[in-house]
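Thanks for coming. Please look at the picture while I talk.

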Amino acid sequence: MPRYFIDYEDGSESLRDEEGTCYPSLHDARDAAIAALPDIGREPPPADGQRAFRALVRDEAGTVLCTVTLNLAAECHSEG
C-alpha cells in the first residue's frame, strides 16, 4: 500500500507531515485531507475574518499529487 504525506498550510503557518500514512489510493489520501480541513478551520480566525487553508498530498518522492483548499471568509454587516 502506498504511503502518502499530507502537509497543511494556512498562509502564515505550515505543518509538514514527516511520517506519512499508508492509504489504498491517492483518492483515499485526498479524502483524508478533505476530512481534516474543517477541523483545522475551527481555530480562531484572524481579525479580518479571512483565512485560506490548504492541504498538499505528497508521495514518498516528495511530489505533490493533490492540493485541497478551504477558504474561510466572514463579513459582518452593520446592525439596523
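We start at C22, which is partly exposed, with a relative accessible area of 36%. Keep in mind that this is a predicted model.

Is C76 buried or exposed? C76 counts as exposed, at 78% relative accessibility.

A disulfide is a covalent bond between the sulfur atoms of two cysteines. C22, for one, is in no disulfide, and the nearest cysteine sulfur belongs to C66, 17 Å away.

Next, the aromatic rings. A pair of aromatic rings is described by the distance of the centres and the angle of the planes. There is one aromatic pair here. Y4 and Y23 form that pair, with 6.5 Å from centre to centre and 45° between the planes, and the pair is tilted. Why does the pair tie together parts that are apart in sequence? Y4 sits in strand β1, residues 3–9, while Y23 sits in the loop between β3 (21–22) and α1 (26–40), so the pair ties together parts 19 residues apart in sequence. Y4 is buried, at 9% relative accessible area. Y23 is buried as well, at 17%.

Now follow β1 to its neighbour. β1 and strand β4, residues 50–58, run antiparallel and are joined by five bridges. F5, for instance, has R58 in β4 as its bridge partner. On to the next pairing: β4 and strand β5, residues 64–73, are antiparallel over nine bridges. There R54 has T69 in β5 as its bridge partner. The hairpin of β4 and β5 has five residues between the strands, and G62 in this hairpin takes a positive phi near 95°.

Rolling a probe the size of a water molecule over the atoms shows where empty space is left. The largest pocket has a volume of about 200 Å³. Which elements give two or more residues to its lining? They are β1, β2 (14–15), α1 and β4. The largest share, three residues, comes from β4. Residues lining the largest pocket include Y8, L37, F53 and R54. By type, the lining divides into five nonpolar, one polar and six charged residues.

That is the end of my part.

Definitions and conventions:
Residues numbered from 1 in each chain as written. Predicted model: local features only at pLDDT ≥ 70, side-chain atom pairs only at ≥ 80, totals over all residues. Heavy atoms only, no water. Phe/Tyr/Trp six-rings, centres within 6.5 Å; stacked < 30°, edge-to-face > 60°. Helix = DSSP H or I, 4+ residues; strand = E, 2+ residues; numbered from the N terminus. Buried < 20%, exposed > 50% of the residue type's maximum accessible area, 1.4 Å probe, protein only. Pairing = 2+ DSSP bridges. 1 Å grid on protein atoms, 1.4 Å probe; cavity = no way out; pocket = protein on both sides within 12 Å on 5 of 7 lines; lining within 4 Å. Points joined across faces, edges and corners; volume = space filled by probe spheres on them. Nonpolar A, V, L, I, M, F, W, Y, C, P; charged D, E, K, R; others polar. Disulfide = S-S within 2.5 Å.
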